[in-house]
Every structure is written in C-alpha cells, then in structure tokens.
Amino acid sequence: MVRGMAREQAVLAATAELLVERGYAALTTDAVAVRAGASKATIYRRWPNKAQLVRATLDAADAARNAARAPSSRRMMSPDVRRANV
C-alpha cells in the first residue's frame, strides 16, 4: 500500500492528467481516486473539496517547474569559489 508523499504525488498526478483530459467542470474525486489508486477518503482527508485539490495540483506543478529551472548553487559560484569548494 502506498502512503504518505508517494500517495499524495499519485493523487496530484492523477488530478493533473484528468484536468488535461476532461477539464475542471468534468473532474470528479471518484475519477481521481480510481486513477491514483486511492480512496476518496484519502483525498478528502488532504483536500476537502475539488478547488483545493486542483490548487494543490497547480502549486505542485509550478514548484516542480521552478525547481527544474533553478540553477544549482554550484553553477552560480564564481570559478574561484568552485575551486576552493572542491
């Protein structure tokens, strides 16, 4: 059984996929639960309504996109500092 962060990521990924496929109006917690392999109770425990679930999904996608774009601290260092930290 998947729990914790892995379960949350599965629910958020399922929500993102269903938003693209069906749109907000047709998105249901039942469909998210089936796609994520989770119970509706698990979803409602974390997100009490569809709007909060979608917001968490968009926030997670935004955070992932920002993390992928952020330069590593090592690349931001000047060459002198990089040599000193080796």
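Leaving aside its neighbours within four places in sequence, which residues is Trp47 in contact with? Counting heavy atoms within 4.5 Å as contact, Trp47 meets Glu8, Val11, Leu12, Gln52, Leu53 and Ala56.

Welcome to this predicted model, in which local features need pLDDT of at least 70 and side-chain atom pairs count only at pLDDT 80 or more, while totals for chains, interfaces and linings use all residues. Residues are numbered from 1 along each chain as its sequence is written, and side-chain values use heavy atoms, with hydrogens and water left out.

The protein chain has six helices and zero strands. Here helices (H or I, at least four residues) and strands (E, at least two) are DSSP runs, numbered from the N terminus.

Some overall values for the protein chain:

| Property | Value |
|---|---|
| Buried share of the 86 residues | 22% |
| Contacts joining residues at least 24 apart, among those at least 6 apart in sequence | 48% |

Buried means under 20% relative accessible area (1.4 Å probe, protein chains only).

Now to helix α2, residues 29-36, where Thr29, Ala31, Val32, Ala33 and Ala36 are buried. These buried residues pack against α1 (4-22), α3 (40-46) and α4 (50-69). After α2 comes Gly37, with a positive phi near 70 degrees.

Conventions: Buried means under 20% relative accessible area, exposed over 50%, partly exposed in between (1.4 Å probe, protein chains only).
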